[in-house]
Amino acid sequence: LFDGVYPFYVQQRKSSVFDVSTIIVIVVFLSVACSFLLIIPGIRGRARLYWTLRVFFSLFVGVVIVVVQFTGDWETGWVTANTSYKSFSHALVNADIGLHVGLAGVNITLVGNPIHQVNETINYNEHFAWSFSADYDHSYGEGLEKGLPSPILYVAEKFTTQSPCGVHRQYHISGHYASATLWVAFCTWLISNMLFSMPVLVYGGYMLLVTGAFMIFSLLSFSTVRNSPMCPIQFGTATLRTGYGGSFWLTLAIGLLCFVAGITVVSLHYFNLDLLKTFFDLREDKAEEYQEITEVYDNPHFLKDGL
């Protein structure tokens, strides 16, 4: 010990809650939403409701497509076990070990039950990246040098390139292509918004269908990792098993929602164009304009002349 601080960590460890990139994306989209709320009082009648639905639906789809790129819960798993805490030590701790797989890396969490055990605060969240700009084995080596707890290193070792499990390449490639297809979906989402504003409604509906298709393609790409046999992650008698996480199911839901919205726009274009134009505020409703006129003033000069 050095003045009460453990030698492997100069400062106390802090658990990570949100990724900085995720927070930036959410703040940007919230700023756009707040800007729209400032101008919405200037829209009259039912068009105000239609504008609100269209704008917030579009923003929600866009923010989901971008945010899931940085989340780490495409595949998750938890297990509670009694396990060794450090190398060269026989001390056992009771802890929750979590595995959270994202498109660009893996997060491994270790939370003690209770948090304070063996004179330490057991609350860790370590990230190991495997994107093309990162070296997973190097991150794992840094974890060894820092002296991370044994459960974290044990799980992280399963995803190294030298591991007999051989799952690193599968996760690396599938995550890369899933991310790439999501960026294509983001581009088609932008194009659909431009087509709706031109307005070319039916082609905007087609691009919504394409957006949903690429989101489904990203899910199919990531799900290929399930075809590879995963090495068992065993802690005594307990086994850590993983399943699809929140980001996976959220992407699926938004992809299906884009399909429904696109099919609705295309169907209305061919079967009820007036209703579609009304929803997009393209048809002038004369009846509403006449209702806006509450008083009529006549010019006496024209009345005298019989005009």
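Student: In this predicted model, does Lys146 count as buried, partly exposed or exposed?
Tutor: The model is a prediction, and the relative accessibility computed for Lys146 is 32%. Buried would require a value under 20% and exposed a value over 50%, so at 32% the residue Lys146 counts as partly exposed.

Student: With which residue does the side chain of Lys146 meet in a salt bridge?
Tutor: A salt bridge here needs a side-chain nitrogen of Lys or Arg within 4 Å of a carboxyl oxygen of Asp or Glu. The N to O distance for the pair is 3.8 Å, and the partner that the side chain of Lys146 meets is Glu126.

Student: Is Glu126 buried or exposed?
Tutor: The partner of Lys146 in the salt bridge is Glu126, and its relative accessibility is 6%. Because the limit for burial is under 20%, the value of 6% makes Glu126 buried.

Student: How many salt bridges does the rule give, and which residue meets Glu120 in one of them?
Tutor: The count comes to two salt bridges. In one of them, with an N to O distance of 2.9 Å, the side chain of Glu120 meets that of Lys86.

Student: Why does the pair of Glu120 and Lys86 tie together parts of the chain, and how many residues apart are they?
Tutor: The side chains of Glu120 and Lys86 form a salt bridge. Because Glu120 lies in strand S4 (residues 120–129), whereas Lys86 lies in the loop between strand S1 (75–84) and strand S2 (92–101), the pair ties together parts whose separation in sequence is 34 residues.

Student: What is the relative accessible area of Glu120?
Tutor: Within its salt bridge, Glu120 is paired with Lys86, which counts as partly exposed at 32% relative accessibility. Glu120, by contrast, is buried, and its relative accessible area is 9%.

Student: Which residues does Phe128 touch, leaving out those up to four places away in sequence?
Tutor: Phe128 is found in strand S4 and is buried, with a relative accessible area of 2%. The C-alpha atoms of Phe128 and Val106, 22 residues apart along the chain, are separated by 5.4 Å. Beyond sequence neighbours up to four places away, Phe128 touches Gly105, Val106, Ile108, Tyr136, Ser139, Tyr140, Leu148, Ile152 and Ala156.

Student: What distance separates the C-alpha atoms of Phe29 and Gly62?
Tutor: Phe29 is found in helix H1 and is buried, with a relative accessible area of 15%. Residues up to four places away left aside, Phe29 touches Leu59, Gly62, Val63, Phe186 and Trp189. Gly62 lies 33 residues from Phe29 along the chain, and their C-alpha atoms are separated by 8.4 Å.

Student: Which two residues form a disulfide?
Tutor: The count comes to one disulfide, for which the cut-off is a pair of cysteine sulfur atoms within 2.5 Å. The sulfur atoms of the pair are 2.1 Å apart, and the two residues are Cys165 and Cys231.

Student: Is the disulfide of Cys165 and Cys231 left-handed or right-handed?
Tutor: Cys165 is buried at 13% relative accessibility, while Cys231 is partly exposed at 22%. The torsion about their S-S bond is about -130°, so the disulfide is left-handed.

Student: How many contacts does the model have beyond four places in sequence for residues 285–294?
Tutor: The mean pLDDT of the protein is 83, and 85% of its residues reach 70 or more. Over residues 8–17, however, the pLDDT is below 50, with 15 contacts in the model beyond near neighbours in sequence. For residues 285–294 the pLDDT stays under 50, and the number of contacts beyond four places in sequence is four.

Conventions
Residues numbered from 1 in each chain as written. Predicted model: local features only at pLDDT ≥ 70, side-chain atom pairs only at ≥ 80, totals over all residues. Heavy atoms only, no water. Buried < 20%, exposed > 50% of the residue type's maximum accessible area, 1.4 Å probe, protein only. pLDDT = per-residue confidence, 0-100. Contact = heavy atoms within 4.5 Å. Helix = DSSP H or I, 4+ residues; strand = E, 2+ residues; numbered from the N terminus.
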